[in-house]
Amino acid sequence: MGRVLKDGPKIGEVAAAAGVSRATVSRVMNGQSTVAPDIADRVREAAAELNYRPSTLARSLSLGRSSTVAVVVPDLRNPMFHQVLRGVMDASEAEDYRTLVAETADRTADESAVAQEARARCDAVILVNPRMPQQALEELLPQLRPVVLVNRTTAHEDIPSLVIDHAQGIHRLVDHLAGLGHRHLAYLRGPAGSISDIPRREALADAVARRPELRVDHLAGGSTIDAGFEAADQVLASEATAVVAFNDLTAFGLLARLNESGVRVPDGLSVTGFDDIELARFANPALTTVNVPHAELGRRAWQLLAEVVAGGPVPASGRTPETFVPELTVRTSTGPVPPPRALTAPSTDLSGRAHRHADDDGGPRWSARGASWQLELGELVLAHSMGGERMPTVHSPRPHLHPVRSLRGRLLTDRSPDDHRHHYGVSLTIPDVDGTTYWGGRTFDPEHGPMLLPNHGHQHVDHAQMLHRGATLRQEIRWIDQDQRPQLHEQREVTGAGLEETEAWALRWSSALRAEHALTISSPAVRGRPGAGYGGFFWRLASGDEVEVLNSAGAQDIHGAPARWVSVAVRHSEDWTSLVLAQQSADPVPWFVRASDYIGLGPALAWDAPLELASGEVYPVEMLAVVVDRRVNADEVDRLLELGEGRVQAARSA
């Protein structure tokens with residue numbers, strides 16, 4: 001049993017127990033190799049027996065080093081710097097080094113003193129994003145050797161530096177937004193004196209020079225959540241369709257204020273950040289940004305210092321800094337450019353402009369926009385077809401239409417709303433295909449109720465093309481189950497046609513589902529949840545102040561009842577917009593309709609009985625939608641549908 005000393009064992013007691021001098025104990029404890037192995041073993045055994053731990057201060061004095069590296073940052077409130085610190089700590093701890101953190105609290109005047117004090121206590125310094133002028137930085141750096149500079153450059157050849165290519169990050173954000181159709185951007189500048197704001201602004205100027213159609217408004221911003229929150233009013237006043245924020249924190253603040261103001265992102269305004277801090281993917285909506293590898297910056301900074309603090313040569317890389325290029329991370333805060341003046345009340349002459357242009361080009365036409373497609377009528381974007389690549393797995397990724405708008409620019413779809421995050425505009429979505437859900441969210445279990453299970457499939461667009469002089473978008477889509485096996489092959493055709501004389505336009509949706517093998521399509525209602533027979537063609541509408549539902553069967557409650565068509569009129573202030581959906585089958589199936597807690601509807605493939613498909617069997621889903629810029633009554637629906645079907649057939653025969 002070892003002796004326990006009240007004040008801890010002293011080095012002299014270890015020396016006496018091992019029968020060696022104090023100097024020998026010191027050399028062994030400091031890892032020096034000048035002691036014979038058998039004697040070193042005896043010293044370590046005595047130290048273990050006495051529970052001896054050498055004094056860190058004494059060891060530092062003996063070795064002339066503290067085994068500590070200082071990391072000096074401007075602002076610990078920014079999670080970006082936490083990631084740099086984590087990278088340094090992970091790398092340095094592996095070599096028995098500790099990390100001392102010093103914050104300058106964004107006080108430029110204090111940076112030099114803080115850095116020098118940190119260097120006096122440590123063996124080396126990593127100076128991150130210093131704010132001081134270049135001349136002051138050049139004068140300070142020699143006093144800090146060994147030192148590594150992060151996100152600044154220096155003329156000292158013996159001082160390594162690591163930099164982020166901010167310009168390349170901005171170019172990738174701008175290219176992404178331009179690919180979505182955005183031509184008017186707002187840039188929320190960084191704080192006054194920010195060195196990294198300069199290459200961002202230069203990159204934006206270069207983007208405007210490369211794209212004459214592009215306009216960028218530079219607005220006062222900052223680097224904090226509060227700065228983004230306060231900038232929202234000037235962003236909206238600029239009437240830009242997309243925002244490039246200085247960093248993710250500023251974007252978070254802007255998103256919060258836009259949410260309070262009732263501006264939907266990205267339907268009314270797209271927002272991007274910079275850095276991709278860990279919280280960016282959890283924003284609402286998830287933030288599109290560029291990923292800067294801050295943890296890797298920290299690890300690399302330590303690697304450059306490690307040889308120096310161990311007595312090795314000083315790297316000579318000051319004039320050629322190592323560059324880290326940000327990668328674009330696309331999430332749900334960006335989307336297609338909204339129609340003209342979407343942030344304010346829609347202009348009443350939009351339908352007139354659409355009609356004039358429709359006379360010239362023959363009606364709505366699809367056009368490619370990067371990896372997505374837009375249905376355009378003159379200057380108006382009536383619908384946007386998006387893939388499901390950016391959707392979370394738990395939402396069952398699938399191609400969908402969003403936004404869909406009327407001729408006057410009124411929004412007719414909702415995407416990933418708070419009440420049902422897995423609802424996405426207009427899509428073909430089924431809650432149960434042999435146990436795989438393509439609906440998203442929770443699965444109904446008869447014994448336990450709705451449960452979140454790892455059974456989400458996804459729909460993948462293999463090929464897309466335009467037919468009928470651009471009036472029709474055809475997509476070949478594979479339905480892949482939870483085990484990555486194909487279940488269904490879908491050929492989808494979506495055709496647009498104008499009915500401007502009735503303040504309306506029509507959309508024809510035709511899907512042919514072919515079973516890759518024998519399978520069963522089901523619903524929660526089939527499994528024991530009454531009224532939940534949803535699944536199939538589903539249209540999730542944007543909410544409004546008042547809702548009116550009509551149907552061809554004259555039923556008071558159409559939910560669960562068969563009918564040829566259902567009409568939903570939604571009032572926004574004094575204006576009404578109507579959506580008429582009509583089944584094209586001679587034997588209509590029951591409708592799933594919600595109009596109180598949210599607005600969503602579509603005919604059900606398996607309302608109260610499963611749908612069995614044999615291998616190779618094809619099941620058609622045929623729908624006609626008419627979008628009208630007014631409140632329609634039951635007497636005029638048949639005429640609208642007849643006109644819409646006639647225009648669609650004419651477009652398809654062109």
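Which side chain meets that of Asp175 in a salt bridge?

## Asp175 and Arg211

In this predicted model, the side chain of Asp175 meets that of Arg211 in a salt bridge, with an N to O distance of 2.9 Å. The two residues belong to distant parts of the chain, 36 residues apart: Asp175 sits in helix H8 (residues 166-179), and Arg211 in the loop between helix H9 (197-210) and strand E7 (215-219). Asp175 is partly exposed, at a relative accessible area of 36%.

## Other salt bridges

The count of salt bridges comes to 39. Side chains of opposite charge can pair when their charged atoms come close.

One of the pairs is Arg264 with Asp414, whose closest N and O atoms are 2.4 Å apart. Arg264 lies in the loop between helix H12 (248-261) and strand E9 (270-272), and Asp414 in the loop between strand E16 (400-404) and strand E17 (426-429), so this pair ties together parts 150 residues apart in sequence. Arg264 is partly exposed at 38% relative accessibility, whereas Asp414 is buried at 5%.

Another pair is Arg492 with Glu490, where the closest N and O atoms are 2.7 Å apart. Both Arg492 and Glu490 are buried. Through shared partners, salt bridges also join Asp175, Asp206, Arg210 and Arg211 into one network.

## Asn78

Asn78 lies in the loop between strand E1 (68-73) and helix H5 (79-93). Its relative accessible area is 6%, which is under 20%, so Asn78 counts as buried.

The side chain of Asn78 reaches the backbone nitrogen of Met80 at 3.0 Å. Apart from neighbours within four places in sequence, Asn78 is in contact with Asn247 and Leu249.

How values were computed
Residues are numbered from 1 along each chain as its sequence is written. This is a predicted model: local features need pLDDT of at least 70, side-chain atom pairs count only at pLDDT 80 or more; totals for chains, interfaces and linings use all residues. Side-chain values use heavy atoms; hydrogens and water are left out. Helices (H or I, at least four residues) and strands (E, at least two) are DSSP runs, numbered from the N terminus. Buried means under 20% relative accessible area, exposed over 50%, partly exposed in between (1.4 Å probe, protein chains only). A polar contact is a pair of N or O atoms within 3.5 Å; within protein, one must be able to donate a hydrogen and the other to accept it, and residues adjacent in sequence count only if both atoms are side-chain atoms. Contact means heavy atoms within 4.5 Å. A salt bridge is a side-chain nitrogen of Lys or Arg within 4 Å of a carboxyl oxygen of Asp or Glu.
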